[in-house]
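User: I'd like to learn how to read helix packing and salt bridges in a model. Could you walk me through it?

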Amino acid sequence: MRTSQTSGTLRRPAALGTALAAVLVLGGCGAEVESDAEESGKVTVKRCGEPVQYTVPERAVAYEGGSADKLFALGLTDHVYGYVMPPANPPVSESPWASEYAKVKMLSDDLLNKEVVVEAESDFVVAGWNSGFKDERGITPAILDKLGIQSFMHTESCFNYPGHPERMSPFEALYSDFERLGAIFRVEEKAEEVVDGLKKRVKAVEAKAPESDPVPVFLYDSGTDQPFTAGNQVPPNDIIGTAGGRNIFDGLDERWTQVNWESVAAAEPEVVVILDYGDLPAEKKIDFLKKSPHTRGLPAVKKNNFFILDYNEGISGPRTIDGLEKFAAYLRGLEG
């Protein structure tokens, strides 16, 4: 969603409202914020299920397009030092906020790591659990806490976060992220404006969804021996369901996960969504599905019912709603 980049609200004093601690429930998305900013300069906001105290960040580092887009959509460019963009992510020039990316630094084109964050003298890092933050790579919120570096995780990635899990549907998690980030940066009004706009667009799609039985849909991420797909804890599950389809793996309580071709064939998907990213173009994935003995007989493949979903429309970020609108229009076209 394109939003105006108003910088006038960015440098508001940390003091908001009364000095007495209050709990504000924002938008019904579980974004509980304890505010005592006038006295301490801090607010307490949930990071997954863990209440964490935050001061207003001034040198934020964002990992992947979804994180950076959220900050830019809130008009926070002046608070962003730079971004880390791994190879899978499409060029930032394709983002609706391309002009904002141009105002900050690209810190790395590799996976997020502690060294790049420390070298940037960052005071805040935004990423997902088990994507940007990962025990195996030595960069977690707990490790950054010890270094005095604040961090925030996409709520969509929190359902299996060790010690402090939190579960929301992917769209609700997206709204919650905007509300929580709005509280951290003291731009609550802007966050409310962004969330209201996203919700209106989702409701507009729901109102036009086909009334027939949901179309079975298979999301193909990658894999030849075994396919990698979307469970019910990632945005494509909500994209497919809201548009009037049914993710054939919506019963899997997972994020991105591996399945087998036999289960794909048994579900007889009528549409295949191709997640497009990295160095394997969507066209090559489609060519594989048309030739593979596992998939060439699928109804979707025989009918050539392929929909290409951009990487940044499939991960948590405002462009998820762009992907929803495009896929909904595609499904309505099939109905016609």
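Predicted model: local features only at pLDDT ≥ 70, side-chain atom pairs only at ≥ 80, totals over all residues.

User: How many helices and strands does the chain have?

Analyst: There are 13 helices and 15 strands, taken as DSSP runs (helices H or I, at least four residues; strands E, at least two) numbered from the N terminus. Of the 336 residues, 53% are buried, meaning under 20% relative accessible area with a 1.4 Å probe, counting protein chains only; exposed is over 50%, and partly exposed lies in between.

User: How do I read a helix pair?

Analyst: Two packed helices are described by the angle between their axes and the distance between the axes. Here, H7 (residues 188-208) and H13 (residues 319-335) pack at about 10 degrees, axes 10 Å apart. Axes are lines fitted to C-alpha atoms, for helices over the stretch in contact, and angles run from 0 to 180 degrees between N-to-C directions. H7 and H13 are therefore roughly parallel; the cut-offs are under 35 degrees for roughly parallel, over 145 for roughly antiparallel, 65 to 115 for roughly perpendicular, and oblique for the rest.

User: Which residues of H7 and H13 meet?

Analyst: From H7, Leu198, Arg201, Val202, Val205 and Lys208 meet Ile321, Asp322, Leu324, Glu325, Ala328 and Arg332 of H13, contact being heavy atoms within 4.5 Å.

User: And the salt bridges?

Analyst: Side chains of opposite charge can pair when their charged atoms come close. The cut-off used is a side-chain nitrogen of Lys or Arg within 4 Å of a carboxyl oxygen of Asp or Glu, and the structure holds 14 such bridges. Take Asp177 and Lys70, whose closest N and O atoms are 2.6 Å apart. That pair links distant parts of the chain, with Asp177 in H6 (residues 170-184) and Lys70 in H2 (residues 64-73), 107 residues apart. Asp177 and Lys70 are both buried.

User: Is Glu313, which pairs with Lys326, buried or exposed?

Analyst: Glu313 counts as buried because its relative accessibility is 6%, whereas Lys326 is partly exposed at 45%. Their closest N and O atoms are 2.6 Å apart.

Note on methods:
Residues numbered from 1 in each chain as written. Heavy atoms only, no water.
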